[in-house]
Amino acid sequence: MSDTVTLTINNQTVVVPKGTTILNAATRVGIDIPTICYHPALTPPAVCRLCTVEVEKQRVLQPACVVQVAEGMVVHTNSERVQTGRKVILELLASTVDLHDAPEIQAYLQTYEADPARFAGGVSRQAQFDVFEDNPFYIRDYSQCVMCWRCIQVCADDVQHTYALTWGQRGINSHVATFFNEDMPDTTCVFCGNCVGVCPTGALKGVIEWKMEQQLD
Ligand code: SF4
Ligand code: FES
């Protein structure tokens, strides 16, 4: 049996090892698929859905960061249906989360001509959270959090095995939290900084950088 899979991505024939995700297969041939929650060093949680692509004969769009290629698969990474999905995801995100410090996501908003004003007036995360300034090393500003799970995963099984972070609340109130909402110094956190390093927005930031920003405002 062959260890490779042949598929078509945007009319281009691609041959990749079995087990490759659609995202990695596309990257190999220079096709960019936008991502937010995906990080190459972490287990993909597949929660943002920005990477979804159209796979022929599949009823719904498929998340490219986790779906593996299959023999004969026909993938369209930028069809009209895909673009519409991405536009709405970005509009919903930008209408509730402060993305001023997330340049990559800002660029996606431009690319997909997203208009967050279409969803203005909904629940804003800015109004829900004060900045956590509970340790000398980094701040947590969940009004800027896109809930990508990266910080939780890097703190847990993927890298650090510290388990200082978890998921708090449900629905519109859900957010990253410490267990029992303890201040960070009272948790198992060892202040390794990995969570700050993988955060795609300004939600986690070194205290010095944050204080300098406050002075400039
Ligand atoms: S704090 Fe940053 S890394 Fe953690 S879930 Fe929010 S956006 Fe993602
Ligand atoms: S990058 Fe695939 S679901 Fe987020």
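**A loop and its surroundings**

Reply: Let's start with Glu-113, which lies in the loop between helix H3 (103–111) and strand S6 (138–140). Helices (H or I, at least four residues) and strands (E, at least two) are DSSP runs, numbered from the N terminus. This is a predicted model, in which local features need pLDDT of at least 70 and side-chain atom pairs count only at pLDDT 80 or more, while totals for chains, interfaces and linings use all residues. Residues are numbered from 1 along each chain as its sequence is written, and chains are lettered from A and ligands numbered from 1 in the order in which they are written.

Glu-113 counts as exposed because it has 10 C-beta neighbours inside 10 Å. The cut-offs, with C-beta atoms placed from the backbone, are these: 20 or more other C-beta atoms within 10 Å make a residue buried, 12 or fewer make it exposed, and anything in between is partly exposed.

Another loop, between strand S8 (175–178) and helix H5 (194–198), holds Phe-180. Phe-180 is not a glycine either, yet its phi is positive, about 55 degrees. With 9 other C-beta atoms within 10 Å, Phe-180 is exposed.

Now let's step back to the domains. The protein is divided into domain 1 (4–78), domain 2 (82–119) and domain 3 (125–216), with bounds that come from an automatic or database domain assignment. The C-alpha centres of domain 2 and domain 3 lie 22 Å apart. Eight residues of domain 2 are in contact with nine of domain 3, a contact being two C-beta atoms, placed from the backbone, within 7 Å. On the domain 2 side of this meeting there are four nonpolar, one polar and three charged residues. Here Ala, Val, Leu, Ile, Met, Phe, Trp, Tyr, Cys and Pro count as nonpolar, Asp, Glu, Lys and Arg as charged, and the others, Gly among them, as polar.

Ile-139 and Glu-209 are 70 residues apart along the chain, and their C-alpha atoms are separated by 9.7 Å. Glu-209 belongs to helix H6 (residues 207–216) and is partly exposed, with 13 other C-beta atoms within 10 Å.

Next comes ligand 1. Of the 14 residues around it, Cys-145, Cys-148, Cys-151, Cys-199 and Ala-203 come nearest; a residue is near a molecule if its C-beta atom, placed from the backbone, lies within 6 Å of it. The shell has 12 nonpolar, one polar and one charged residues. Cys-151 also has contacts beyond four places in sequence, including Leu-165, Val-176 and Cys-199. Cys-151 is, besides, one of the residues with the most contacts inside the largest nonpolar core, which has 56 residues. Such a core is a set of buried Ala, Val, Leu, Ile, Met, Phe, Trp, Tyr and Cys residues joined through C-beta atoms within 7 Å.

Finally, here is the whole. The protein has six helices and nine strands, and its C-alpha trace spans about 55 × 40 × 30 Å along its principal axes. Buried residues make up 37% of its 217 residues.
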